Amino acid sequence: MSVYKPYETFGINPFRKLHVLAGKPNSKYDKLDASSANFEFFDQIKRANQEPTKKYDEPQTVNQEYGWIHDPLVKQEKDDKRLYFGRANSEITKYMEVYFLQKEQQTMHDKN
C-alpha cells in the first residue's frame, strides 16, 4: 500500500508576469513613493474591470449584441395595464403566505 505524499514545493510560473500592488503593511523597506508608481497600470486594471458597454463603443462579439442596448425602449408605468402586470395573489398563494409566516414564527419561538 502506497502512501500519498502531497507536493509541497511551489514556485512562481516564469512565463506569467507577476504584478505586485501592495507590499507588507509593517515593512520599512516596502514603502512606495507616489513618484515611482505606474499609474498606467492602475488605469488598465480599472478599464479591465469595467462593463463592456463602458469599455467599447460597439459590441465586440455576437453575444454582446443581444444585451448591448439594455435601456428600455418604453418607460414602464404602473398605471398602464398593457405593459405592467403587477403581482397578483390567488387564494392558494394567500394561504401559503400565512402558512409560511406562522411556520417562521413557530420556529423562532421554538429556538427561544
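The model is predicted, so local features need pLDDT of at least 70 and side-chain atom pairs count only at pLDDT 80 or more, whereas totals for chains, interfaces and linings use all residues. Residues are numbered from 1 along each chain as its sequence is written, and side-chain values use heavy atoms, with hydrogens and water left out.

Of the 112 residues in the protein chain, 4% are buried (under 20% relative accessible area; exposed is over 50%, partly exposed in between; 1.4 Å probe, protein chains only). The accessible surface of the chain is about 12,300 Å² (Shrake-Rupley method, 1.4 Å probe; for residues, only the protein chains shown count as cover). Carbon and sulfur atoms account for 54% of this surface.

The structure holds three aromatic pairs (ring centres of Phe, Tyr or the six-membered ring of Trp within 6.5 Å; planes under 30 degrees apart stacked, over 60 edge-to-face, the rest tilted). The pair of F39 and F42 is tilted, because the ring centres lie 6.4 Å apart and the planes stand at 50 degrees. Both residues lie in helix α1 (residues 39-48), three residues apart, about one turn of the helix. Y99 and F100 form an edge-to-face pair, with 5.5 Å centre to centre and 65 degrees between the planes. Y99 counts as partly exposed at 36% relative accessibility, and F100 is partly exposed at 49%.

Conventions. Helix = DSSP H or I, 4+ residues; strand = E, 2+ residues; numbered from the N terminus.
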